[in-house]
Amino acid sequence: MDTSSPAAFVNGGLLRMHVGRKVRTVIQVTRSDAGSVMGKSTDGCQLVVRGSPPAPLTSYVEVIGVAENENSIRAELWTNFGDSFDASNYDQLCQLANGELKHLFL
Amino acid sequence: MQANEFDGNAAFAGGGFMPSQATQTAPDRPSYSSKNSDARCLTPVTVKQLKDLSKVGESGISIDGVDVNNIVLVGVISKIDNAVSDCTFRVDDGTGWVECTKWIHEHVDSVEVDVISVGMYVRVYGQFKSIQSRRPITDFNEIAHHFLECIYVHLYNTKLRPRMTNATDGMTAQPQVANSNSGNHIMGFSHQTNSTNQFSNQYNTDEEQIRGISSMVLQYLRRPACLASEMGVSSDIVARELNVSVDKVRKTLDFLASEGLVYTTTDDHYKFTDA
């Protein structure tokens, strides 16, 4: 068992708290290029994710990677989350997982 | 999920998620599943929770004071080792990874195993030492849901379970996150107690006095007789009933009206808003 590389649940607003560290988030894809994807985080912020996304890309995609700055992530792992996803539910989870219940996750 | 009415225990009780209440006797609690052994309950966990467990090094496994034998994990398969009699795979749920072993006894077991591939999200059921079954996830809302369940069960076990055994507490045993039904504006106001001794004469400033009186005034206005009266209650009567100066009562009522908690019906008559 190993918990040395945990990824923090973040939304757009929480990303700045984990710059330089491994994070995970779900974005709604707005634009997709060869080397990066632009998307809307679960709390409505515009984020840029660098890396090679899978093709085809569904509307929602989870990315796990390292936060480069407060609105960009360098992705290591991409997972298509489909076209119907409850973003507000996930957003609430991010807030809880970074609040007083952080010890269950990180 | 509605903030006020969500009954978490009823929602989670079916799958045997909540630990049994065989030891508690409060009569007005919602009923749980009929299992009477904690060890038969299924607890959602994160890998981090499992790791913290084994650090302590107990032989009987328990999380947050509840005995845990069967667990649920949700995560990504990051490695698979397929041998003849068993399949070992690594599940990573973002908080860490754990090795899981699935024993292959029959053909049906190996078919299950063939479906699983690296990079796929799965939900795993099993015991802390060995894994019994897992299935791939297609609706990814399950992932957020699993972690929310972990949070819920953790909070339930650490905050509400101990409280339930304390009969003198006086609080309702509903495991809700927010249970205020008149907004969150009242600072530190408890709906359950009726004592006016809470707000004693130690308040110095006007504002603190108003805060202190406002809950008394609200309680008064929420009495059935006051709620039933169409015209509401005049500030004079409130002042007289609560033994507080009319001036203070008027200031308090203005404050409450600006917060939306009371409204004026006719001149100087007030009613509680959430009737």
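The model is predicted. Chain A is built from one helix and six strands, and about 2,400 Å² of area is buried between chain A and chain B. The largest nonpolar core includes residues from both chains, among them Phe81(A) and Tyr121(B).

**Chain A**

- Along the sequence, the elements of chain A run in the order β-β-β-β-β-β-α.
- Chain A has 106 residues, and 45% of them count as buried.
- Among contacts in chain A with a separation of 6 or more, 52% link residues 24 or more positions apart.

**The contact between chain A and chain B**

- On one side 25 residues of chain A take part, and on the other 27 residues of chain B.
- Carbon and sulfur atoms give 65% of the area buried between the two chains.
- Nine residue pairs are in polar contact between chain A and chain B, counting pairs with both residues at pLDDT 80 or more.
- In chain A, β6 (72-82) and α1 (87-98) each supply at least two residues of the side that touches chain B.
- That side of chain A consists of 13 nonpolar, seven polar and five charged residues.
- The number of salt bridges between chain A and chain B is zero.

**The nonpolar cores**

- Nonpolar side chains tend to be buried together in soluble globular proteins.
- The largest nonpolar core here has 37 residues.
- The residues with the most contacts inside this core are Phe9(A), Phe81(A), Leu93(A), Phe105(A), Tyr121(B) and Ile143(B).
- Elements of chain A that give two or more residues to this core include β1 (8-9), β4 (46-50) and β5 (60-69), and chain B contributes through β4 (70-82) and α4 (141-164).
- The largest share of the core, five residues, is from α4(B).
- Leaving aside neighbours within four places in sequence, Phe81(A) is in contact with residues of both chains, including Val26(A), Tyr60(A), Tyr121(B), Phe140(B) and Ile143(B).
- There is also a second, separate core of 19 residues, which includes Leu218(B), Leu221(B), Val233(B) and Leu242(B).

**Thr25(A)**

- Thr25(A) is part of strand β2 (residues 22-32) of chain A.
- Thr25(A) counts as buried because its relative accessible area is 0%, and the cut-off for buried is under 20%.
- From the side chain of Thr25(A) to the backbone oxygen of Val10(A) the distance is 2.7 Å.
- Beyond neighbours within four places in sequence, the contacts of Thr25(A) include Val10(A), Asn11(A), Val61(A), Ile73(A) and Tyr90(A).

Key: Residues numbered from 1 in each chain as written. Chains lettered and ligands numbered in written order. Predicted model: local features only at pLDDT ≥ 70, side-chain atom pairs only at ≥ 80, totals over all residues. Heavy atoms only, no water. Contact = heavy atoms within 4.5 Å. Buried area = accessible area lost by both parts, 1.4 Å probe. Salt bridge = Lys/Arg side-chain N within 4 Å of Asp/Glu carboxyl O. Polar contact = N/O pair within 3.5 Å; in protein donor to acceptor, adjacent residues only side chain to side chain. Helix = DSSP H or I, 4+ residues; strand = E, 2+ residues; numbered from the N terminus. Nonpolar A, V, L, I, M, F, W, Y, C, P; charged D, E, K, R; others polar. Buried < 20%, exposed > 50% of the residue type's maximum accessible area, 1.4 Å probe, protein only. Core = buried A, V, L, I, M, F, W, Y, C linked by side-chain atoms within 4.5 Å.
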